[in-house]
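Let's take a friendly walk through a protein structure, one step at a time. Have the sequence and the 3D view ready as you read.

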Amino acid sequence: MTILIAAPSIPTAEWTGACLHIRGQSTLAGRVPISGAKNSALALMAGSLLCNDHCHIENVPELLDVKRMELLLAALGVSIERQGTALTLGTASLKSDRAPYELVNQMRASFFVIGPLLSRLGSAQVPLPGGCAIGARPVDLHVRGLQAMGADVQIDHGIVQARCRQQDGRLLGSRIYLDYPSVGATETLMMAATLARGETIIENAAQEPEVSDLADFCTHMGAHIQGAGTKTITIQGVERLHATTYTVIPDRIETGTFMVAAAITRSTLILSPVRPDHIRAVIAKLEDIGVAVNLLDGQTLEVRGGDRHWGTDIETLPFPGFPTDMQAQLMALLTLSEGNSVITETVFENRLQHVAELCRMGANIRLKGNVAVVTGVPSLSGAP
Ligand code: UD1
């Protein structure tokens, strides 16, 4: 069976491949080194703007989104040196508070520079991120939180213009309740609060490991943050942050994706380094399905596909619930698992677009709103 997947429409010369050719029904074997977490690395890179010195960040994956964030930081005046997976970001002097439209438009995470820019410089101009293939993804929670911290925010010609109301250009600590535990809004507001005057409390905060990683990074730079990884984060603002060296956590989505790859090809893979505590919900679902997951040591997992796999139900939720970023991979596995599975996507409103493509390959999936009912079939067939 051969599958052709057209390249995603990334408008950049760096994307050289036209499509992926996948010849199916082979097994996999071996050890897979897991990269640093992309979503952490992007947040840490934005967070480096808080420090008027330099940050050395290790275990940064070499990906297009990371390259885009490098370009954005460079446009703001950051000097960047890469050696393998280590980045040194010189953030002593910034030359602009304005993020270029072309860069923010390509990647939602680049909007997250608004918090550190505003907190460090007293003003920030960041275009609204463009529409996204997995839903509308608004930034109202970021904006409302910054307003609560004493910023005037206006949206003019698609650009969010934020300015501190205080004469000294500092934000003010505030008590902020998030209507939804948004990862990006928690990160934006936590970063902004590190240099604000006084105490900020973020309630109903996101508890994702990437939020904790960003808090640890900021703490290494001298920030005072407590409670990251829980629903309530308390930040005591400080006047400045200092240089640091920091290592990004392993990518839990890459880990989960290789776990599914082992399962769906009935293979055995060894994955390292991993943080089992970051993927408990994924491990629990894979074990329900009939996949064997063994912890070989504190950071090494052995994953073995079962002789038979059974359907299970999945509902995506904020951490520690089942991650939306693993929903498509698990659905692919469930198309080949015996019985029925019900998959409910609750985080993004439009993140089931892979259903139609899986059906073209012979999967049996019925879709109603944000719920997909998968009935396992014995095999899929390759398709363009
Ligand atoms: C991050 C991750 C992404 C992951 C998602 C949920 C990065 C770079 N990306 O995205 O891979 O899928 O968390 O785990 O870290 N929302 C609002 N208003 C806001 C902000 C968000 O309504 O101001 C809504 C979104 O539309 C969405 C939900 O909140 O429905 C979750 O979004 P959020 O947690 O903010 O995701 P991101 O931070 O964009």
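This is a predicted model: local features need pLDDT of at least 70, side-chain atom pairs count only at pLDDT 80 or more; totals for chains, interfaces and linings use all residues.

Now find S48, which sits in the loop between α1 (38-47) and β4 (54-58). The side chain of S48 reaches the backbone oxygen of M45 at 2.6 Å. Is S48 buried or exposed? Its relative accessible area is 0%, so S48 is buried.

Next, move along the chain to Q207. You will find Q207 in the loop between β11 (199-203) and α7 (209-220). Q207 has a relative accessibility of 18%. Buried means under 20% relative accessible area, so Q207 counts as buried at its 18%. When residues up to four places away in sequence are not counted, Q207 touches G229, T230, K231, F319 and P320.

Let's step back and look at the whole chain. The domain assignment divides it into domain 1 (38-247) and domain 2 (251-375). Where the two meet, 13 residues from domain 1 and 13 residues from domain 2 take part in the contact. The centres of domain 1 and domain 2, taken over C-alpha atoms, are 31 Å apart.

How can we describe such a meeting place? The size of an interface is often given as the accessible area lost when the parts come together. Here, the area buried between domain 1 and domain 2 is about 1100 Å², and carbon and sulfur atoms give 49% of it.

What holds our attention next is the pairs of residues across this interface. How many salt bridges does the rule find between domain 1 and domain 2? It finds one salt bridge across the interface. E210 forms a salt bridge with R252, and their closest N and O atoms are 2.8 Å apart. The rule also finds three residue pairs in polar contact across the interface of domain 1 and domain 2. On the side of domain 1 that touches domain 2, the elements giving two or more residues are α1 and α7. The residues of that side divide into six nonpolar, three polar and four charged.

Notes
Residues are numbered from 1 along each chain as its sequence is written. Side-chain values use heavy atoms; hydrogens and water are left out. Helices (H or I, at least four residues) and strands (E, at least two) are DSSP runs, numbered from the N terminus. Buried means under 20% relative accessible area, exposed over 50%, partly exposed in between (1.4 Å probe, protein chains only). Contact means heavy atoms within 4.5 Å. A polar contact is a pair of N or O atoms within 3.5 Å; within protein, one must be able to donate a hydrogen and the other to accept it, and residues adjacent in sequence count only if both atoms are side-chain atoms. Domain bounds come from an automatic or database domain assignment. Buried area is the accessible area (1.4 Å probe) that two parts lose on being put together, summed over both. A salt bridge is a side-chain nitrogen of Lys or Arg within 4 Å of a carboxyl oxygen of Asp or Glu. Ala, Val, Leu, Ile, Met, Phe, Trp, Tyr, Cys and Pro count as nonpolar, Asp, Glu, Lys and Arg as charged, and the others, Gly among them, as polar.
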